[in-house]
Amino acid sequence: MSRPTATQSPPPALAPTEPRPRTRIKICGLTREADVDAAVAAGADAVGFVLYAKSPRYVLPERAAALARRLPPFVTPVLLFVNEDASKIRAITDQFTPGLLQFHGDETPEACLEAAATCGWAWMRAARIPAGSAFDLLEFVHTWHHAQAILLDAHVEGYGGGGTPFDWSLLPPNVDAHLVLSGGLTPANVGDGIRALRSRGRSLAVDVSSGVEALGPDGRPLKGVKDALRIHQFVAAVRAADAS
């Protein structure tokens, strides 16, 4: 074998490959140890606890804190509040390692900033998008520019998610915010949602609750009771969409 001489050029450097997007995943509405463990085992980035007493997925703050202690490092607890007082939010978050606040009610930007500053947590704001009518997401993002992310959910009566998708095609093509797609996501449709929205914001995450719940005898979700297989199927569908 001949040796290279001093006049030979080194081989050309390999061109860097285009990085693939990685969609972050939140499993919300957890109430049981087994479901927290299943979300972690499947590879979820965050788990959500509903601290709104009128929700069927409500958990007491002490119960949510005990469930959150099962989380390993780098899996984020997300606490969902609706029109809650800042002092109470501070008292609740003191029971957790730092995570993320999710505001899903009629809070003002000032109220969210106050609550977040009180406990030192980052936060995101839910945009409740009505069906069949105009919604100015760009104006909403401008109003809530202090939020770390904007969660996109369908508008339903009352508060919280209704397990209903909205028309993704109506959203503007360029949004200067990190986006979290929610509302009626399932293992069957989450890939379509990712492909439709992943280039429209700074980044895209997905948030699922009813779409990974166990089904009762009537075929309807058992609210607050997750299905480990459906969680794994959901995560697999997200990763398949990222690879496509």
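This is a predicted model: local features need pLDDT of at least 70, side-chain atom pairs count only at pLDDT 80 or more; totals for chains, interfaces and linings use all residues.

Trainee: Is Leu 137 buried or exposed?

Mentor: The cut-off for buried is under 20% relative accessible area. Leu 137 has a relative accessibility of 2%, and therefore counts as buried. This residue is found in helix H5, which covers residues 137-143.

Trainee: Which residues is Leu 137 in contact with, leaving aside its neighbours within four places in sequence?

Mentor: Its contacts are Ile 150, Leu 152, Leu 171, Pro 172 and Val 175. Leu 171 is 34 residues from Leu 137 in sequence, yet their C-alpha atoms are 7.2 Å apart in space.

Trainee: Which residues of the largest nonpolar core touch the most other members?

Mentor: That core has 63 residues, and the ones touching the most other members are Ile 27, Phe 49, Leu 101, Ile 150, Leu 152, Val 206 and Phe 234. Helix H7 gives the most to this core, with six residues. Apart from it lies another core, of nine residues, including Val 78, Leu 100, Ala 149 and Ala 205.

Trainee: What does Leu 101 touch, not counting residues up to four places away in sequence?

Mentor: Among the residues that Leu 101 touches are Leu 79, Phe 81, Ile 89, Trp 121, Trp 123 and Met 124.

Trainee: Let us turn to helix packing. How do H1 and H7 lie relative to each other?

Mentor: One reads the distance between the axes, then the angle, then the handedness. The axes of H1 (residues 33-42) and H7 (residues 228-243) come within 9 Å and cross at roughly 25°. Angles under 35 degrees count as roughly parallel, and H1 and H7 are therefore roughly parallel to each other. H1 passes H7 in a right-handed crossing. On the H1 side, Asp 35, Ala 38, Ala 39, Ala 41 and Ala 42 take part, meeting Ala 228, Ile 231, His 232 and Val 235 in H7. The residues of this contact comprise seven nonpolar, one polar and one charged.

Trainee: At what angle do H6 and H7 pack?

Mentor: H6 (residues 190-197) and H7 pack at about 35°, with axes 8 Å apart. Their crossing is right-handed. Val 190, Gly 191, Ile 194 and Arg 195 in H6 meet Phe 234, Ala 237, Val 238, Ala 241 and Asp 242 in H7. This contact is made up of six nonpolar residues, one polar and two charged.

Trainee: Where does Asn 83 lie?

Mentor: Asn 83 lies in the loop between S3 and helix H3 (86-93). Its phi is also positive, near 55°. Asn 83 has a relative accessible area of 39% and is thus partly exposed.

Conventions:
Residues are numbered from 1 along each chain as its sequence is written. Side-chain values use heavy atoms; hydrogens and water are left out. Axes are lines fitted to C-alpha atoms, for helices over the stretch in contact, and angles run from 0 to 180 degrees between N-to-C directions. Helices (H or I, at least four residues) and strands (E, at least two) are DSSP runs, numbered from the N terminus. Angles under 35 degrees count as roughly parallel, over 145 as roughly antiparallel, 65 to 115 as roughly perpendicular and the rest as oblique. A crossing is left-handed if the near helix is turned anticlockwise from the far one by less than a right angle, and right-handed if clockwise. Contact means heavy atoms within 4.5 Å. Ala, Val, Leu, Ile, Met, Phe, Trp, Tyr, Cys and Pro count as nonpolar, Asp, Glu, Lys and Arg as charged, and the others, Gly among them, as polar. A nonpolar core is a set of buried Ala, Val, Leu, Ile, Met, Phe, Trp, Tyr and Cys residues joined through side-chain atoms within 4.5 Å. Buried means under 20% relative accessible area, exposed over 50%, partly exposed in between (1.4 Å probe, protein chains only).
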